[in-house]
Amino acid sequence: LLGAIGVSTAALDAACHLALSAGAYGAKLTGAGGGGCIVAVSDGARAAEVCEALGASARFVDSFPLVP
């Protein structure tokens, strides 16, 4: 739905799916519609794994740090 209305992108959808597969409880895009950020939520035990999974794919890391 978000892609259909021009808010999401394939890369953002992939980042959300990657975060979820790494153990995040949830992940969604955020921002002003420019195609830029996701927020992923996990417990403390999985936070590092989620950050590592996203960080391992350079296309998902820009100028913002991944913070477990």
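**Note on the predicted structure**

1. The protein contains two helices and two strands, where helices (H or I, at least four residues) and strands (E, at least two) are DSSP runs numbered from the N terminus. Along the sequence these elements follow the pattern α-β-β-α.

2. This is a predicted model, in which local features need pLDDT of at least 70 and side-chain atom pairs count only at pLDDT 80 or more, while totals for chains, interfaces and linings use all residues. Residues are numbered from 1 along each chain as its sequence is written, and side-chain values use heavy atoms, with hydrogens and water left out.

3. Of the 68 residues in the protein, 21% are buried; buried means under 20% relative accessible area, exposed over 50%, and partly exposed in between (1.4 Å probe, protein chains only). The protein exposes about 4400 Å², and carbon and sulfur atoms supply 60% of that area.

4. Among contacts (heavy atoms within 4.5 Å) between residues at least 6 apart in sequence, 34% join residues at least 24 apart.

5. The structure holds one salt bridge, defined as a side-chain nitrogen of Lys or Arg within 4 Å of a carboxyl oxygen of Asp or Glu. The side chains of Arg-46 and Glu-49 form this bridge, at 3.9 Å from N to O. Arg-46 and Glu-49 are separated by about one helical turn because they lie three residues apart in helix 2 (residues 44-56). Arg-46 is partly exposed, at 37% relative accessibility, and Glu-49 is likewise partly exposed, at 39%.

6. The structure holds zero disulfides, a disulfide being a pair of cysteine sulfur atoms within 2.5 Å. Cys-16 counts as buried at 11% relative accessibility, and Cys-51 counts as buried at 15%.

Notes: Areas by Shrake-Rupley, 256 points an atom, 1.4 Å probe, with all protein chains shown as cover.
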